[in-house]
Amino acid sequence: MQKGKQELSELITLLGMKAEDHFNTKIKKQWNDSNVVKISDLALKRHLQLLKNLRKYSDVIALQLNLPTKQEVANIAKLAVQIEEKLDDLEEKLLLLTKDGVLENTEITQEKGKSIIEPIEEKQDNRQHAKEALRNLIRENLLNNSLNTNSLQETLEKMIHRRG
Amino acid sequence: MRKRKAGKLDKLFPQKKVGLTPKTAIWKKNKATLWYYPAKKKKYKTPLFLIYSLINQSYILDLSPGMSMIEAFVKEGYDVYLLDFGVPGYEDKDLTLDDYIIKYIQKGVRRSLYHSEAGEITIIGYCLGGTLATIYGALAKEPIRNIILFAPPLDFGQSPIPEEWEVALRGGELALEQVIEEYGIVPAEYIEFILRMSVSPVNYSKYLTLLQRADDKEFVRKWELVNDWLKDHIPFAGATLKQLINELAIKNKLIKNKLQIQGNRINLRNIKANLLVISTSEDEIVPEQQIKAIMSLVSSKDKTYKRVKGGHVSLALKGDLPEFLQSWLRDRSNPIN
């Protein structure tokens, strides 16, 4: 009895799948017709006109009711995304600076400087000069919004070598 | 807000929980989130960076315990990063393919590298995510050791679109572009409809399979999870969809090395990472012809093409990694000494 039920269920599945394949092939064949494409294009155009009209009317209603339109809300959201992107860029640059150990190196050098009882004035001047140049470079690039991570990395490497 | 009491319906159809593998969000941008899934017992230094499609939700990769590819990777000892693009809203209508590649994928990979402190990374792309991974792989400056692509639609010269429709699309005889522009963001229901019409307009056989195994509770639970995911499409950013239709589907620019991303030409020859491309035998959405073409176009010295039994998403639903994938990845990831 159980076996018979299972066989019947398998048969139904098999027939069902075959029928599904058959329907799909038929539908796809019907679809692949230049007239169907033309009718679809007409329907799309009509739908497009309807969408345009709806948007136009909803904009008019929003204006009368003193409400922001969908586009205006989207523009505000876009501004928020732009700010987020700028913050993200800054965060990445900071990550790069800390990753390269440049900030840590500076601290170590300063600590080392402290431990030396009589620091050589010339070496200190050079270090100060390099730091100042680095600060200026970052500031300048940030202001011009042209702080390229590759060029920053290159400059930092140069600074480190000069310091060494 | 008043909390709704659990009714009889809730008891009969409890809400299914998905994405249960422990994770932390390490980076967020707009709707996107970069999730970090730490390895259970870390065995490899090379982390995995997963890119999913823009059509469905990425939780298919971590559907349920025992049905999760992410869980399988984590169990194998890999740190996993998943870039979840989220659900785009109307304000994202101008997001382009360039944005997805540069502002999300490239940034996400960099964040993963910072976070993992790894020297190299493995990129894994699924379906349309595989197409994105391929484009990114060709312009990446980041150290990519391996690229794994699961059923990526790449060669649109072998399109599954019916001939008459393809002719109309190529000739600009359909007002599709204007409709996309007017919508801004194409609703999820339309995406589902287009996919269904191009692959399988009538699809009831899945219910027959359910009927056949209706007394198997575990099967029914899994079936429901997959079926819910299949219906859970997300809207598509209009600008990206237009670019995909015009640049990839109609002009087939990716495979012809003519696609431009932020002014840079995408040359597939620039892909030098170890490459594994996987297609499945019963995939109706992305046929083999659309996938295989990449093999002869990349510069990778170590490249493998593998065809396995199964449907479009079946590999992502297995609780364990298939043996070939396990060994391929193990041999090409840096072990922890």
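1. In this predicted model, 40 residues of chain B are in contact with 44 residues of chain A, contact being heavy atoms within 4.5 Å. Local features need pLDDT of at least 70 and side-chain atom pairs count only at pLDDT 80 or more, while totals for chains, interfaces and linings use all residues. Residues are numbered from 1 along each chain as its sequence is written, chains are lettered from A in the order in which they are written, and side-chain values use heavy atoms, with hydrogens and water left out.

2. The two chains bury about 3800 Å² between them, with 59% of it on carbon and sulfur atoms; buried area is the accessible area (1.4 Å probe) that two parts lose on being put together, summed over both. On the chain B side, Tyr114(B), Trp165(B) and Glu182(B) lose the most area to chain A, together 18% of what that side buries.

3. Now the charged pairs. The rule finds ten salt bridges across the interface of chain B and chain A (a side-chain nitrogen of Lys or Arg within 4 Å of a carboxyl oxygen of Asp or Glu). Glu85(A) and Lys103(B) meet through their side chains in a salt bridge, at 3.5 Å from N to O.

4. A backbone point to look at: Cys127(B) is not a glycine, yet its phi is positive, near 50 degrees. Is Cys127(B) buried or exposed? Cys127(B) is buried, at 12% relative accessible area (buried means under 20%, with a 1.4 Å probe and protein chains only).

Note on methods
Buried means under 20% relative accessible area, exposed over 50%, partly exposed in between (1.4 Å probe, protein chains only).
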